[in-house]
Amino acid sequence: KICNSCGMAAIRPPWQGSRLEFVEDCLVDRVLRSDLVVEDCPVKGLGYVAGRDFEEDEIILDCLADRVSTASGPMYEKVVKMCNELECGSYLGAMFYWAGLTTLTREQAGDWADELGCTITPEEQAMLLSLHAPSSLSGRATGISVPELEIGGIKVPGGVVDLTVAFLVEHFGFTRDVAPVLQTLALIWKYNAFELLNDHRLALFIAPSMCNHSCDPEAAYYLEYGEDFTRMVVRALRPVIAGKEVTVSYIDRHQAKEDTATTRRKAIAAGWLFLCHCEACCPMETTPEECKKCSTLLEPWISDLQSGPYDRGEGATCDGCGQEDMAIFHSYFFHCGSCEMDWCPDCCERGGCRARSPTSAGESASPEEASLGEADVVVVEAHDVDFGGTEPAEAPCWDSDEDVRDAG
């Protein structure tokens, strides 16, 4: 498949028809349809809505991990070394690239399948690929390149290329069509997996991954894990009526109560690449964020997701405080498309209002949770969670005519 906008090769969606139907089929054995319903939630994309009333502290979801990646062994150490030696740096941590490698099919991994421990079937991989991953990344992010192609004598921007993925594909001798799959899998592990701290493992849960975020959530995640199992329980924090969206917090919900909306938004934008528009951050009675010069509604820009409103290499300067190249110092900022004014989050907070909802949010998740002890079985609330309920990854584009090693 060739992207019409840039002429680059792109991964085909692993489902036929709508993503909603595919996700519902994936969840048949994981979620009771009468309890939870998958719906297209405004702004956020796919998410859960309560199919019946839930009482406070009632279990909403209870499931074992669908996939666990263990970051250890000689091959993992080899990947770590390769990531550390890249002069351009790596966008993701080595464990996410490793998890992506281990969830290639045996056919995709070729001669390396046994050493990488690739056991996933094409059907199981298709379920993973239905989870959310950002459809674009900023060309200014560490280890990310946006090459230019010449088509018909005209230079056009190419697709986003993770240079670490390009290096891994070259090193292992994978075919070119494996590159966008590996890149997407690594992003899916990054933005959907739980990192089991002090355990060197990542865990993916298909069903809970469909929960959307709120800084004032309806439910919370809890983990149980030992040497041979990893289990997740989602419990209602208060009564949830039928038809209400079932949300969780991707950040520490206890700390979130003490933080300002701007502080929470900075953490969400940095960790999950979207600007939070939940009711806690954007109460209905607040006024939309407007440009302080021309009163036009401001547009949010996520620093690691979008390259910015200007030409590549030209950073945005805050017209309020004078902060230069805001993408380096802030996880997001605001831009006025009318008068070309730019505002950092702190200057906007001092204005006392909020930003309009983006037309395309990038909600996804890579949770971290803190261990409460060193017992054989650890039960801990997982605060930093978001399993992307937004649209599926439009897989990163790759050069279809040249070798992957030239992608950057």
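Buried residues make up 53% of the 408 residues in this chain. Buried means under 20% relative accessible area, exposed means over 50%, and partly exposed lies in between (1.4 Å probe, protein chains only). The accessible surface of the chain comes to about 18,300 Å². Carbon and sulfur atoms hold 47% of that surface. These areas come from the Shrake-Rupley method with a 1.4 Å probe, and for residues only the protein chains shown count as cover.

This is a predicted model, in which local features need pLDDT of at least 70, side-chain atom pairs count only at pLDDT 80 or more, and totals for chains, interfaces and linings use all residues. Residues are numbered from 1 along each chain as its sequence is written, and side-chain values use heavy atoms, with hydrogens and water left out.

**Confidence**

pLDDT is the predictor's confidence in each residue, from 0 to 100. Its mean over the chain is 77, and 74% of the residues reach 70 or more. Over residues 1-10 the pLDDT is below 50, and this stretch has 33 contacts in the model beyond near neighbours in sequence. A contact means heavy atoms within 4.5 Å. Residues 352-408 also stay under 50 in pLDDT. For them the model has 230 contacts beyond four places in sequence.

**Overall build**

The chain has twelve helices and 19 strands. Both are DSSP runs numbered from the N terminus: helices are H or I with at least four residues, strands are E with at least two. Take the contacts with a separation of 6 or more: residues 24 or more positions apart account for 70% of them.

**The cores**

In soluble globular proteins, nonpolar side chains tend to be buried together. A nonpolar core is a set of buried Ala, Val, Leu, Ile, Met, Phe, Trp, Tyr and Cys residues joined through side-chain atoms within 4.5 Å. The largest core here has 104 residues. Tyr48, Tyr91, Leu101, Leu104 and Leu116 touch the most other members. Helix H8 (residues 178-192) gives the largest share of this core, ten residues. A second, separate core has seven residues, including Trp301, Met326, Cys344 and Cys347.

**Helix H7**

Which residues of helix H7 (residues 163-172) are buried? They are Thr164, Val165, Ala166, Leu168, Val169 and Phe172. Their cover includes helix H2 (74-85), helix H3 (94-102), helix H5 (113-116), strand S8 (161-162) and H8.

At the start of H7, a side-chain oxygen of Asp162 reaches to within 2.9 Å of the backbone nitrogen of Thr164. Thr164 has a relative accessible area of 1%, so it counts as buried. Not counting residues up to four places away in sequence, Thr164 touches Cys83, Leu86, Gly89, Ser90 and Tyr97. After H7 comes Gly173, with a positive phi near 70°.

**Salt bridges**

The structure holds eleven salt bridges. In each, a side-chain nitrogen of Lys or Arg lies within 4 Å of a carboxyl oxygen of Asp or Glu. Three of them are listed here.

| Pair | N to O distance |
|---|---|
| Asp35 and Arg52 | 2.8 Å |
| Arg235 and Asp57 | 3.9 Å |
| Asp346 and Lys266 | 2.9 Å |

Asp35 sits in the loop between helix H1 (19-26) and strand S1 (36-41). Arg52 sits in the loop between strand S2 (45-50) and strand S3 (59-64), 17 residues apart from Asp35. Asp35 is buried at 14% relative accessibility, whereas Arg52 is partly exposed at 29%.

Arg235 lies in strand S13 (residues 230-236) and Asp57 in the loop between S2 and S3, so their bridge ties together parts 178 residues apart in sequence. Arg235 is partly exposed at 27%. Asp57 is partly exposed at 47%.

Asp346 belongs to helix H12 (residues 345-351) and Lys266 to helix H10 (residues 261-272), so this pair ties together parts 80 residues apart in sequence. Asp346 is partly exposed at 24%, and Lys266 is partly exposed at 28%. Elsewhere, salt bridges with shared partners join Asp216, Glu218, Arg238 and Lys244 into one network.

**Asp304**

Where does Asp304 lie? Its place is the loop between strand S15 (299-302) and helix H11 (326-329). Asp304 is partly exposed, with a relative accessible area of 31%. Asp304 and Ala327 are 23 residues apart in sequence and 7.7 Å apart in space, C-alpha to C-alpha. Leaving out residues up to four places away in sequence, Asp304 touches Tyr91, Leu137, Ser138, Ala141 and Leu273.

Key. A polar contact is a pair of N or O atoms within 3.5 Å; within protein, one must be able to donate a hydrogen and the other to accept it, and residues adjacent in sequence count only if both atoms are side-chain atoms.
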